[in-house]
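Q: I am new to reading protein models. Could you walk me through some features, one at a time?

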2 protein chains.
Amino acid sequence: METPQLDLPQLLIIRPPTFPNFFKDLLRDKYHLLDPVESGLPTHQFLKIHGHSVRALVSVGPGPVTAEIIGYLPVLALVVASGAGVDHIDLAECHRRGIVVTNVGDSFSEDVADYAVGLLIDVLRGMSTSDRFVRAGLWPVKGNFPLGSKVGARRVGIVGLGSIGSLTAKRLEAFGCSIAYNSRTKKPSVHYPYYSSVRELAANCDVLIVCCALTNETYHIINKDVMKALGKQGVIINVGRGCLIDEKELVQFLVQGEIGGAGLDVFEDEPNVPKELYGLDNVVLSPHKAVATPESLALARQMVLDNLQAFFSDKPVLTPVKV
Amino acid sequence: METPQLDLPQLLIIRPPTFPNFFKDLLRDKYHLLDPVESGLPTHQFLKIHGHSVRALVSVGPGPVTAEIIGYLPVLALVVASGAGVDHIDLAECHRRGIVVTNVGDSFSEDVADYAVGLLIDVLRGMSTSDRFVRAGLWPVKGNFPLGSKVGARRVGIVGLGSIGSLTAKRLEAFGCSIAYNSRTKKPSVHYPYYSSVRELAANCDVLIVCCALTNETYHIINKDVMKALGKQGVIINVGRGCLIDEKELVQFLVQGEIGGAGLDVFEDEPNVPKELYGLDNVVLSPHKAVATPESLALARQMVLDNLQAFFSDKPVLTPVKV
């Protein structure tokens with residue numbers, strides 16, 4: 001183990017044991033890193049010993065920041081998330097304690113939007129499916145492959161018109177798609193039609209792209225009623241969080257042909273994917289990777305560093321999350 | 001066999017035996033259809049009997065219109081292609097004989113452009129590959145999937161800036177890609193940088209999207225030198241024709257990691273795909289289907305009908321091809 005540099009500010013690292021500390025090389029020259037996983041101690045025991053003077057922590061990946069963990073940290077003032085989503089952080093407890101929470105802002109938004117569009121083209125035009133068809137040697141045997149359907153003819157409903165949703169809409173406009181959206185409130189500067197109800201949005205669209213934040217209000221926002229309103233030809237793309245969709249219902253709707261298809265980067269119980277989906281040709285399955293390119297990770301890492309530096313220089317953080 | 005309506009204008013159907021006559025239902029009320037495949041006779045024998053008074057023919061799919069076939073048709077004045085490409089039609093012989101050739105204009109361009117973008121996202125972000133990874137049950141076993149690379153950071157070179165190339169460029173601009181192009185001549189109304197040499201274009205780009213027509217000049221336009229200029233991270237997307245690329249070289253470059261990846265909808269010897277590609281994760285393989293959605297096929301069918309109707313009404317055809 002390396003000698004900790006005790007004159008540097010302490011920084012607690014919260015990560016799942018299976019998750020590498022992506023930030024170690026970037027942080028260890030500037031901070032005295034406290035990493036329970038590296039210590040080998042159970043987290044609560046580690047925090048009992050080291051937690052009393054920790055003012056800032058970095059949550060790496062889905063590293064959970066629970067009320068229990070926060071309870072061990074009496075002077076905690078900053079939680080830095082290494083991604084865009086903060087559903088693994090107890091925001092209510094942070095609010096109560098006056099702890100500032102940051103994410104990486106829009107660092108990943110372009111990549112997620114690109115992926116959402118890619119999943120949609122894939123589902124509509126059967127790209128992954130036809131790749132499997134060719135690799136299985138079926139082209140010479142079975143001949144022509146079934147037709148897909150036209151991207152530009154689709155009416156696309158964006159569920160959550162934040163930075164990812166807006167960038168997705170911008171891309172799909174270039175394909176000729178018409179766009180509508182649902183979000184908490186109507187956005188005055190946006191010209192797309194607004195639906196205050198997701199069910200109404202689904203009833204007026206061919207495609208739903210789910211990219212809102214996961215909160216208590218948005219848990220299972222795509223439920224049975226929404227899927228029914230979307231209809232038999234409808235397509236659902238999820239690049240948000242698995243729990244935004246009632247996955248059990250979605251599987252039933254897909255298996256029974258009650259919706260047309262789905263492109264899913266996220267699932268309710270990752271890395272476990274419902275096995276019923278494995279045999280379906282109208283779905284594209286992806287291991288929670290919409291977010292990730294080296295270019296956006298570099299942006300995100302810089303944002304983590306910049307937020308920490310701002311905090312320890314008593315300046316306002318760059319990308320605070322509303323808690 | 002149905003009774004032919006002898007008072008209707010004759011229309012010869014040229015199609016490969018494996019290709020259905022997509023147009024039969026649309027055409028048989030207005031034309032007296034002559035279909036060698038349906039007759040059961042060898043084509044040359046059928047044409048010897050029926051060819052002398054044929055003024056117009058429809059080439060369905062890749063149905064070849066050779067000088068030999070044209071030789072059996074002394075009064076032929078119109079060849080209607082059912083797609084955008086006319087490389088299966090002997091244009092020189094048509095020119096010599098003063099025969100008008102039509103294609104379906106831009107009917108398929110949007111679909112092909114959509115597919116080109118889809119293939120590019122797929123190759124860069126590893127979408128088909130990660131779908132295979134999930135379906136094989138590897139996510140819980142192997143954990144994180146390798147990173148892809150950012151679409152918008154790519155410099156894209158369009159080889160052939162016709163309607164497909166222009167629509168592809170328009171879509172990719174919305175992703176933040178920078179665009180350059182090669183075509184026979186610089187287009188005065190286009191602001192993208194122009195390269196008169198494909199090798200030069202490749203040397204200045206990360207991605208080549210091949211969507212020019214196949215002619216004697218463009219055969220193997222993507223050769224060893226072009227691939228070398230594109231470099232180890234380079235990606236090639238082909239939605240044009242298989243013979244635009246020296247496929248043997250492409251396979252070598254891919255297998256040896258001398259280029260970064262490829263998305264291929266077309267091949268030199270369809271439906272045969274080089275088996276060396278089956279095991280590669282940096283390629284996406286597609287059975288010549290970029291063109292096909294029900295929406296664009298409906299447009300194309302209408303264009304076939306409209307060209308025929310114009311011809312038989314002594315009006316100018318709508319979408320003549322330069323012969």
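A: We begin with burial: a residue is buried under 20% relative accessible area, exposed over 50%, and partly exposed in between, using a 1.4 Å probe and protein chains only. Take Arg171(A), which counts as buried because its relative accessibility is 1%. Before we go on, note that this is a predicted model, in which local features need pLDDT of at least 70 and side-chain atom pairs count only at pLDDT 80 or more, while totals for chains, interfaces and linings use all residues. Residues are numbered from 1 along each chain as its sequence is written, chains are lettered from A and ligands numbered from 1 in the order in which they are written, and side-chain values use heavy atoms, with hydrogens and water left out.

Q: Which residue forms a salt bridge with Arg171(A)?

A: A salt bridge is a side-chain nitrogen of Lys or Arg within 4 Å of a carboxyl oxygen of Asp or Glu. Here the partner of Arg171(A) is Asp114(A), with the closest N and O atoms 2.6 Å apart. Helices (H or I, at least four residues) and strands (E, at least two) are DSSP runs, numbered from the N terminus. Asp114(A) lies in helix 6 of chain A and Arg171(A) in helix 9 of chain A, so the pair ties together parts that are 57 residues apart in sequence. Asp114(A) is buried too, with a relative accessible area of 1%.

Q: What do the buried residues of helix 9 of chain A pack against?

A: Contact means heavy atoms within 4.5 Å. The buried residues of this helix, including Ile164(A), Leu167(A) and Leu172(A), pack against helix 6, strand 6, strand 7 and strand 8 of chain A.

Q: How many salt bridges cross the interface of chain B and chain A?

A: The rule finds ten there, and a search over all chains of the structure finds 32. One example is Glu110(A) with Lys150(B), at 3.2 Å from N to O. Glu110(A) sits in helix 6 of chain A and Lys150(B) in the loop between helix 8 and strand 6 of chain B, so this pair joins two chains. Lys150(B) is buried at 10% relative accessibility, whereas Glu110(A) is partly exposed at 33%. Another bridge pairs Lys150(A) with Asp111(B), their closest N and O atoms being 3.4 Å apart.

Q: How many residues does each chain bring to the contact, and what area is buried?

A: Buried area is the accessible area (1.4 Å probe) that two parts lose on being put together, summed over both. Chain B and chain A bury about 5,100 Å² between them, with 60% given by carbon and sulfur atoms. The contact takes 61 residues from chain B and 61 residues from chain A. In chain B, Arg125(B), Arg135(B) and Trp139(B) lose the most area to chain A, together 17% of what that side buries.

Q: Is Thr319(B) buried or exposed, and which polar contacts does its side chain make?

A: A polar contact is a pair of N or O atoms within 3.5 Å; within protein, one must be able to donate a hydrogen and the other to accept it, and residues adjacent in sequence count only if both atoms are side-chain atoms. Thr319(B), in the segment after helix 13 of chain B, counts as buried at 13% relative accessibility. A polar atom of its side chain lies 2.7 Å from the backbone oxygen of Asn103(B), and a polar contact of 2.8 Å joins the side chains of Thr319(B) and Asn307(B).
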